[in-house]
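Here are some notes for a colleague who is opening this entry and would like a careful orientation before going further. Please keep the sequence and the structure in view while reading the numbered points.

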Amino acid sequence: MSYVLVGLIAVVSGLILCFGGRTIFRIILSVWGAFVGFTLGGSLVSSFTGEPPFTTVLGWVVSVLVALLFAGLAYGFYVLAVVIAIGSIGYSLGAGLGIALGATGTVVLVIGILAALLLAGAALATNLPDILLTILTALTGAAAIVAGLMLVVGVAEPSDLTETSLREFVVAQPLWWTALYVVIAVAGMVVQHRAGRGDSMRNFWPGR
């Protein structure tokens, strides 16, 4: 049952990120920050207790608290919102690239962190062009949706998602899961493109 709940959270977060994108970006970043915090909290408890993520009361409590903290920081502070959300996307891209190139362990971690810093820095410096933001949010949101569905139907476990990036995990599955991911991602890009308003995402934060 806990796997189903985690999967549903991932699906809802992914739907908002994939199809909402920049149109409601401040809320999107807060929700994504909560998802990142939730996953991080579960992983931290798992690393200390040796138990699988989200299988203990402590794991759930810490996950919820970290999720609320990250959501609050993302909603209140533009810079932190970008670092949490765009940085997590950068880490996913970097780690996926490292794994594709044959890297393992610490090397994958370092590549992911460097990619996160570079992408977050670029977002802060340039306000992140709309097209790039649309593509990144659609791809990451679609990956979260598919990974969440896999948790719901029992094809995957939360521990699978802590060992690699969402996209890397999804594309390593049977072809029809990857095809579903591509279809959802493209649909997300189309919806976001049609709903775009041309504003910089910085405009969504009062007192920026």
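How many helices and how many strands does the protein have?

1. The protein has 9 helices and 0 strands, and from the N terminus on its elements accordingly read α-α-α-α-α-α-α-α-α. Of its 208 residues, 46% count as buried.

2. Please bear in mind that this is a predicted model, with a mean pLDDT of 77 for the protein and with 81% of its residues at 70 or more. Confidence is highest in helix 9 (residues 175-195), at a mean of 86, and lowest in helix 7 (residues 158-162), where the mean is 61. Where pLDDT is low, the predicted coordinates should not be read in detail.

3. Helix 4 deserves a separate look. This helix covers residues 78-100, which makes 23 residues, and from its first C-alpha to its last it reaches 32 Å, a span close to the 33 Å expected at 1.5 Å a residue.

4. The C-alpha atoms of valine 79 and alanine 123 are separated by 9.4 Å, although the two residues are 44 residues apart along the chain.

5. Isoleucine 27 belongs to helix 2, which spans residues 25-49. Isoleucine 27 has a relative accessibility of 46% and therefore counts as partly exposed. Its C-alpha lies 6.9 Å from that of tyrosine 75, while 48 residues separate isoleucine 27 and tyrosine 75 in sequence.

6. Which residues make the nonpolar surface patch of about 530 Å²? The patch is made by Tyr91, Leu109, Val110, Ile113, Leu114 and Leu117, and helix 5 (residues 105-126) gives the most to it, with 5 residues.

Methods:
Residues numbered from 1 in each chain as written. Predicted model: local features only at pLDDT ≥ 70, side-chain atom pairs only at ≥ 80, totals over all residues. Heavy atoms only, no water. Helix = DSSP H or I, 4+ residues; strand = E, 2+ residues; numbered from the N terminus. Buried < 20%, exposed > 50% of the residue type's maximum accessible area, 1.4 Å probe, protein only. pLDDT = per-residue confidence, 0-100. Patch = residues over 30% accessible without salt bridge, like charges linked within 9 Å, V, L, I, M, F, W, Y side chains within 5 Å. Areas by Shrake-Rupley, 256 points an atom, 1.4 Å probe, with all protein chains shown as cover. Salt bridge = Lys/Arg side-chain N within 4 Å of Asp/Glu carboxyl O. Expected span 1.5 Å × (residues − 1).
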